[in-house]
Amino acid sequence: MNDILHAPFMTDMIRTAENMYRLGWDERNSGNISLRLEASEVAQYLDTTRAERSFPTGFSAPELDGAFFLVTGAGKYFKNVPYAPQVNLGLVRLTEGGARAELLWGLADGGAVTSEFPAHMMSHAARRQADADARVVMHAHPANLLAMTHVHPLDERSFTRTLWQMCTESIMIFPDGVGVLPWMLCGTNAIGEATAEKMRDVRLVVWSLHGVYGAGRTLDEAFGLIETAEKAAEIYLKIAHLPRVNRLTDDMLRQVERRYGVHARDGYLDPVTNRGGETDSL
Ligand SMILES: [Zn+2]
């Protein structure tokens, strides 16, 4: 059996948590990551027939029955993940239609999986329906996106358009747009269900006055999505109080769309060539 601490998925997970902490997205014990693994990947490192312990999840996700996930632990600090991955991370398999989870490795201090496990698992189920290769869900508190929810209308079209208008790259990276939830109590099945509902159509879901969820096929993809939206939000906060002299118009964004073969979310761009009179608030 190979050493799981040297598994490529483990190295990726540790580096991702390190980078999220380094960028200030995950203070104290905030943030959580879940990475879906194939049974064949796990079997190279662990005896998948032996569980350390099992626990109820408090939700049902029949579509994920038997699926393996590497997840961050409840109350764990991202800054500590590289120093003690076996304490701060856990590898679980969902059983009984998702109603229970078996711990196969990690959380060595007796800890639990992230308190946002319901939101993660429901989001995985939703993303997997949209894309069979979707494997990653991550949650973080990047300051600029969070700050934006204090001062910008939460209408999804308007929120997405503002982010697209901040940097030419935004529409290339998240042409599907950004979902926005109103403030809801975190850690509940209700916010998990609401997040998953958005995740059917988008890979980024902003939790107002709290943070953001990102999803992707790889840790890099989900991380890069949040990174790009966060950069756009940073630009917004730098210019929102200044008179605007130049702007990315819908006409320009359509050129990007055509050149890079992306498809902007239907109805989010004005089909008419730039009229010079943008009405979006900023
Ligand atoms: Zn949070």
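Me: How are the donor residues of the zinc ion spaced in sequence?
Reply: This is a predicted model, where local features need pLDDT of at least 70, side-chain atom pairs count only at pLDDT 80 or more, and totals for chains, interfaces and linings use all residues. Residues are numbered from 1 along each chain as its sequence is written, and side-chain values use heavy atoms, with hydrogens and water left out. Donors are N, O and S atoms within 2.8 Å of the metal (3.2 Å for Na, K and Ca); water is not among the atoms, so sites may look incomplete. The spacing is H-x1-H-x68-H.

Me: Which residues coordinate the zinc ion, and where do His141 and His210 sit?
Reply: Helices (H or I, at least four residues) and strands (E, at least two) are DSSP runs, numbered from the N terminus. His141 and His210 are 69 residues apart and link distant parts of the chain. His141 lies in the loop between strand 6 and helix 5 (143–151), and His210 in the loop between strand 8 and strand 9.

Me: What is the strand order of the open sheet, and which are the edge strands?
Reply: Two strands pair if DSSP finds at least two bridges between them. Pairing is mixed, and the order of the nine strands is 2-5-4-3-1-6-9-8-7. Each edge strand pairs on one side only: strand 2 (53–56) and strand 7 (179–181).

Me: What is the bridge partner of Leu70 in strand 4?
Reply: Strand 3 (residues 68–72) and strand 4 (residues 89–95) pair in the antiparallel sense over five bridges. The partner of Leu70 is Leu91.

Me: Which element gives the largest share of the lining of the largest pocket?
Reply: Helix 4 (117–130) and helix 8 (189–199) each give two or more residues. The largest share, four residues, comes from helix 4.
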